[in-house]
Amino acid sequence: TEDLNKGNMNGEAWVPAETDVSIRPGWFYSPRTNDKVKSLEHLVDIYYTSVGRNSNLLLNVPPDQRGLIHPNDSARLMEFKQAIDKEFANNVLKNATINAQHTRGNSSAYGADNLIDGNYNSYWTTDDEVKQSTIEITFSQPTALNRFLIQEYIPLGQRVAAFSIETWNYETSQWEVIEEATTIGYKRILRFPTVITQRLRLNIKESLACPILNNIGIYYVSEPIN
């Protein structure tokens, strides 16, 4: 039971979690629930607390008596798709440079640029003994942001156990923590109030082995759902 609920971080296989939820009350269709389809805000929140937390989202959409998806469900699904597309439409990393405190063997084959090249099979990593490190991102000008996406290279395992995100405050000449989190896994997405900065830093604070990351995305949503 303990393994089913929390997993086993020393297990031999990586098994993703599942988030099972229905778009309306119950798993089967009922005319009484036609006006109880989950709101767009609720679905977006479910997305961030499932997909955004290293889990597979299994969204149940029950067919009606005709064997078709009810128009209320269909319309909400389209709104949901459009909302998620909007959330990740503006990746502000396109105007940034990225550097790592440590790089495995000081080789460009494992450099920080691999985090923003769009190639799933290229990654940044450190030497085996280095389990804490920092990635710094510098924008060409002060930039607004409120979403941070990060991925580990799962073919080589889930490793990171704690990390934080900081932005540089030019007024105080100090780094300020805006988010702290634990595991990453296949994908972790953080939401936070909009900040404007020209420098951002990812700190890998704890890792079970040398961290291996293959993607970072930083986004700004002008009118976020949440």
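Q: What makes up the secondary structure of the protein, in helices and strands?
A: In this predicted model, the secondary structure comes to three helices and nine strands. Followed along the sequence, they give the pattern α-β-α-β-α-β-β-β-β-β-β-β.

Q: Why is Tyr-219 called buried?
A: Let's set the value against the cut-off: buried means under 20% relative accessible area. Tyr-219 has 11% relative accessibility, so the residue counts as buried.

Q: Which parts does the pair of Phe-88 and Tyr-219 tie together?
A: Phe-88 lies in the loop between helix H3 (71-87) and S3, while Tyr-219 is in strand S9, so the pair joins parts that are 131 residues apart in sequence. Ring pairs also link these two with Tyr-47, Tyr-48 and Phe-80 into a cluster.

Q: Is Trp-168 buried or exposed?
A: The relative accessible area of Trp-168 is 18%. Buried means under 20%, so Trp-168 is buried. Across the 226 residues of the protein, 43% count as buried.

Q: Which residues touch the most other members of the largest nonpolar core?
A: They are Ile-137, Phe-148, Phe-163, Leu-202, Leu-213, Ile-216 and Ile-218, in a core of 27 residues. Strands S3 (96-100), S5 (133-152), S6 (160-169), S8 (188-207) and S9 (212-219) each supply at least two residues of this core. Apart from it lies another core, of 18 residues, with Val-21, Tyr-47, Val-51 and Ile-84 among them.

Q: What is Phe-163 in contact with, leaving aside its neighbours within four places in sequence?
A: Its contacts include Ile-150, Ala-181, Ile-184, Leu-190, Leu-202 and Ile-204, and also Glu-180, Arg-188 and Lys-205.

Q: What share of the contacts with a separation of 6 or more comes from residues 24 or more positions apart?
A: Such residues account for 75% of those contacts in the protein.

Notes:
Residues are numbered from 1 along each chain as its sequence is written. This is a predicted model: local features need pLDDT of at least 70, side-chain atom pairs count only at pLDDT 80 or more; totals for chains, interfaces and linings use all residues. Side-chain values use heavy atoms; hydrogens and water are left out. A nonpolar core is a set of buried Ala, Val, Leu, Ile, Met, Phe, Trp, Tyr and Cys residues joined through side-chain atoms within 4.5 Å. Buried means under 20% relative accessible area, exposed over 50%, partly exposed in between (1.4 Å probe, protein chains only). Helices (H or I, at least four residues) and strands (E, at least two) are DSSP runs, numbered from the N terminus. Contact means heavy atoms within 4.5 Å. Rings of Phe, Tyr and Trp (its six-membered ring) pair if their centres lie within 6.5 Å; planes under 30 degrees apart count as stacked, over 60 as edge-to-face and the rest as tilted.
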